[in-house]
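Hello,

Here is the structure I promised to pass on. Have a look at it, and below you will find my notes on what turned up.

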Amino acid sequence: MRVLVQRVSSAAVAIDGRVVGAIHPESQGLLAFVGVTHGDDPDKARRLAEKLWKLRILADERAAADIDAPILVVSQFTLYADTAKGRRPSWNAAAPGAVAEPLVAAFAEALRGLGAHVETGVFGANMQVELVNDGPVTVFLEL
């Protein structure tokens, strides 16, 4: 499981022009793109959620846990792209939807269980993501 996290001053995910999840401009938050690979499990999702919740990348070296920063979770199988050969990425390392979807949901639920305000995209949908990266700060998490 991989999480590409960006510190944002605002972010929104839309499907067919309708916003389904957002971090509003009045608060700093985290946008978490989550990718799942073969062999990932709910325990790994929980541990990564805890790591993200306590990660000190917000202003003044604070964590989302310190200031109740909102988190927008978006599934992103392309985090497991293999571009070693040719010009067309391979997605073989990405888990199939039937495996990945419940683990992305488990990640979001683990964050909620820690006290986070979590919004999400829609698994498997064609989503349009808008964000204002604050800093910019982008961190890659993996266990």
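Two strands pair if DSSP finds at least two bridges between them; helices (H or I, at least four residues) and strands (E, at least two) are DSSP runs, numbered from the N terminus. The model is predicted, so local features need pLDDT of at least 70 and side-chain atom pairs count only at pLDDT 80 or more, while totals for chains, interfaces and linings use all residues. Residues are numbered from 1 along each chain as its sequence is written, and side-chain values use heavy atoms, with hydrogens and water left out.

Let me start with the hairpin. Strand β1 (residues 2-15) pairs with strand β2 (residues 18-23) in the antiparallel sense, over five bridges. A11 has I23 in β2 as its bridge partner. Two residues lie between the strands of this hairpin, and D16 takes a positive phi near 50°.

Now the helices. α1 (residues 42-54) packs on α3 (residues 97-114) at an angle of about 45°, their axes 8 Å apart (axes are lines fitted to C-alpha atoms, for helices over the stretch in contact, and angles run from 0 to 180 degrees between N-to-C directions). That makes α1 oblique to α3 (under 35 degrees counts as roughly parallel, over 145 as roughly antiparallel, 65 to 115 as roughly perpendicular and the rest as oblique). The contact (heavy atoms within 4.5 Å) includes L48, L52 and W53 of α1 and L103, F107 and L111 of α3.

Overall, the protein chain has three helices and six strands, in the order β-β-β-α-α-β-α-β-β along the sequence. Its C-alpha trace spans about 40 × 35 × 25 Å along the principal axes.

Best wishes
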